[in-house]
Amino acid sequence: MFISSFVIFLEGFLNNDSTSGSPRWLGRSLSCVCIKRKGAYERIGNNLTPIQVERLQRLKHRMEVYFDASRHEHQEALRALWSATYPDQELIGLISDQWKQMGWQGRDPSTDFRGAGFISLENLLFFAKTFNASFQKLLNKQGGKRSAWEYPFAVAGVNITFMIMQMLDLQSSKPRTFIRTVFIQMLSEDEWAFDLLYCVAFMVMDKQWLDRNASYMEFNEVLRCTRQQLERELLLDDVMRIEDMPSYSLLSQS
């Protein structure tokens, strides 16, 4: 039953009028907006810099790729995720009961990527390879007082990817929030800004979960509070990179 609540949560987003239809995550340009950073107004014009255009297009392409179990590179990404997660366990097959221990709904993890697409698998793999200690801590539910009904790790990860997509508002043709503009500035500094933000978001979500002593029925509320915290941190005057966010300190590489 608790797995189903995560599916309902994700489908609720997908059925929303503002997110229905084929994904069109990125607009062609940014309208002029003014944002207050470091006590002054910084003007961002209509024309993006070449590096911003390039990196936005790359991110747009990643977000538009649906998971396809028949594609060799997608199969290899799943195998790579397994190897990074369980280096001492041999994977029997891409369809196996083994996947359930990672927090997928069933024997075939490819069925859980709807909505967030292939980038959600890339995010999990980036997390596992870049911050393996933190990844393993969350996977194994180490630290803090845990609920008897914990969130399923992998499915939660897919939901986090989708939440970040919505928060950054990259599907709109014009910027409607400062968050999007701030993120594009960060993307111009680091093309892996989305993946780094994902890792921070996962850590923040787990901390919120523990602070609230939450159970599976509260996942929606925990994710909402996670988004609010991320938005607050991204708009801090001294946060110019993902690494500057206060919650980045939650991550550990070793």
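**Notebook: helix packing in a predicted model**

I began with the pair helix 6 and helix 9, where Ala156, Asn159, Ile160, Met163, Gln166 and Met167 of helix 6 meet Phe219, Leu223, Thr226, Arg227, Leu230, Glu231 and Leu234 of helix 9, a contact meaning heavy atoms within 4.5 Å. By class I find eight nonpolar, three polar and two charged residues in this contact, where Ala, Val, Leu, Ile, Met, Phe, Trp, Tyr, Cys and Pro count as nonpolar, Asp, Glu, Lys and Arg as charged, and the others, Gly among them, as polar.

I note that this is a predicted model, in which local features need pLDDT of at least 70 and side-chain atom pairs count only at pLDDT 80 or more, while totals for chains, interfaces and linings use all residues. Residues are numbered from 1 along each chain as its sequence is written, and side-chain values use heavy atoms, with hydrogens and water left out.

Next I looked up the geometry: helix 6 (residues 153–168) and helix 9 (residues 219–234) pack at an angle of about 45°, their axes 11 Å apart. The axes are lines fitted to C-alpha atoms, for helices over the stretch in contact, and angles run from 0 to 180 degrees between N-to-C directions. The two helices, helix 6 and helix 9, are therefore oblique to each other, since angles under 35 degrees count as roughly parallel, over 145 as roughly antiparallel, 65 to 115 as roughly perpendicular and the rest as oblique.

I then turned to helix 4 and helix 5, whose axes come within 5 Å and cross at roughly 115°, so that helix 4 and helix 5 are roughly perpendicular to each other. Here Leu124, Phe127, Ala128 and Thr130 in helix 4 meet Asn132, Ser134, Phe135 and Leu138 in helix 5, and I count these as five nonpolar, three polar and no charged residues.

For helix 5 (residues 132–139) I list Ser134, Phe135, Gln136, Leu138 and Leu139 as buried, that is, under 20% relative accessible area with a 1.4 Å probe and protein chains only, exposed being over 50% and partly exposed in between. Their cover includes helix 3 (72–85), helix 4, helix 6 and helix 8 (193–211).

Finally I checked confidence: pLDDT, the predictor's confidence in each residue from 0 to 100, averages 82 over the protein, and 79% of the residues score at least 70. Over residues 1–45 the pLDDT is below 50, although this stretch has 108 contacts in the model beyond near neighbours in sequence. Where pLDDT is low, the predicted coordinates should not be read in detail.

Definitions and conventions. Helices (H or I, at least four residues) and strands (E, at least two) are DSSP runs, numbered from the N terminus.
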